[in-house]
Amino acid sequence: MKFFPGCMIHNRYPGIEKALYYVFEKLGIEISPLEGSSCCPAPSITRSVSSELWEELAQRNLKLADGETVITACNGCFTTLLEVSEKFGAGDVRHVAEFFYAEIGAEELKKYVEKRLPLKLAIHYGCHFFRPSKHKRFTSPERPKMLDELVEVFGAESVDYRYKFMCCGGGGGVRAGATEVSHDLLRKKMDGIAEAEVDAIAVICPLCMNQFDNGQKELRELGGEDYGIPVIHYVQLLAIAMGMDVEDTGLERHAIVSHSFIEKLVK
């Protein structure tokens, strides 16, 4: 398989990529970088300007895989590459979360866990993971359970909270083009998450991670609530449970750093 990192993982959260390679090595599954790849490009912003450009760039990225499965840890990249691959019959595209769930399974993943992580987590799927539903047939578009079950692999608990399935305000060009709306959506999500008294927010998309991570910092700087709730990608959690040093996951380079959360991960 070829790993497609996309722009956000390389430029903002490289710890996700490091964790992903660690997990796949532990599982004995060979993956390698999709050399020469570009931006996917983004499914909302680029397509709204030129659908032809969006399709041409995506086809170029898919062609670089030379017939191998392309796997990504970003919901936006997943949407673009999946939809274009289906339209043009240009290869197989997977998201790492649904790959773990469907191809390996929770019970098999448990066999690789070296350290249980008894955390309370607020799960956020991200809109592009299960929508548009005609392309994402692997899970319920209304009430997905996949990630809730995947965190149980290492002993964590998915805690219900208000607005669990609402957009975080990071994607669809909202954060880039309508900052006030983006902050309003994030504030609403964060209020629900804070009420649930969780240890962290678990995501499967670096764009959502950026919204929760840097967005919390922005809300604080605007004079709002200082939530201080860390956010982490699922593959970072899984890698730590499989034995990866917490320091290597890049958590301390996030905008929101919780030393009490890191101490729980280190134990």
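Predicted model: local features only at pLDDT ≥ 70, side-chain atom pairs only at ≥ 80, totals over all residues.
Local features need pLDDT of at least 70, side-chain atom pairs count only at pLDDT 80 or more, and totals for chains, interfaces and linings use all residues. Residues are numbered from 1 along each chain as its sequence is written, and side-chain values use heavy atoms, with hydrogens and water left out. Helices (H or I, at least four residues) and strands (E, at least two) are DSSP runs, numbered from the N terminus.

Two strands count as paired if DSSP finds at least two bridges between them. Strand 1 (residues 2-4) and strand 2 run parallel and are joined by two bridges. Within this pair, K2 has S32 of strand 2 as its bridge partner.

D92 lies in the loop between helix 5 and strand 4. Its relative accessibility is 36%, so D92 counts as partly exposed. The classes are buried (under 20% relative accessible area), exposed (over 50%) and partly exposed (in between), with a 1.4 Å probe and protein chains only. Leaving aside neighbours within four places in sequence, D92 is in contact (heavy atoms within 4.5 Å) with E68, T69 and V70. The side chains of D92 and T69 make a polar contact of 3.0 Å. A polar contact is a pair of N or O atoms within 3.5 Å; within protein, one must be able to donate a hydrogen and the other to accept it, and residues adjacent in sequence count only if both atoms are side-chain atoms. D92 and L82 are ten residues apart in sequence, and their C-alpha atoms are 7.6 Å apart in space.

Another open sheet of four strands has the order 6-5-7-8, also with parallel pairing. Strand 6 (157-158) and strand 8 stand at the edges. Each has a single partner strand, so one side of each lacks a neighbour in the sheet. Strand 7 (residues 200-203) pairs in the parallel sense with strand 5 (residues 120-123) over three bridges. Here L121 stands opposite A200. Strand 7 also pairs in the parallel sense with strand 8 (residues 231-233), over three bridges. In that pair, A202 stands opposite I232. Both faces of strand 7 are covered. A200 and A202 on one side, and I201 and V203 on the other, are all buried.

The axes of helix 11 (residues 179-195) and helix 12 (residues 206-221) come within 10 Å and cross at roughly 100 degrees. That makes the two helices roughly perpendicular. By the cut-offs, angles under 35 degrees are roughly parallel, over 145 roughly antiparallel, 65 to 115 roughly perpendicular and the rest oblique. Residues of helix 11 in this contact include L186, M190 and I193. Those of helix 12 include F212 and L219.

S258 is found in the loop between helix 13 (234-241) and helix 14 (259-266). S258 is buried, with a relative accessible area of 13%. The side chains of S258 and S260 are joined by a polar contact of 3.1 Å.

Note on methods: Axes fitted to C-alpha atoms, helices over the stretch in contact; angles between N-to-C directions.
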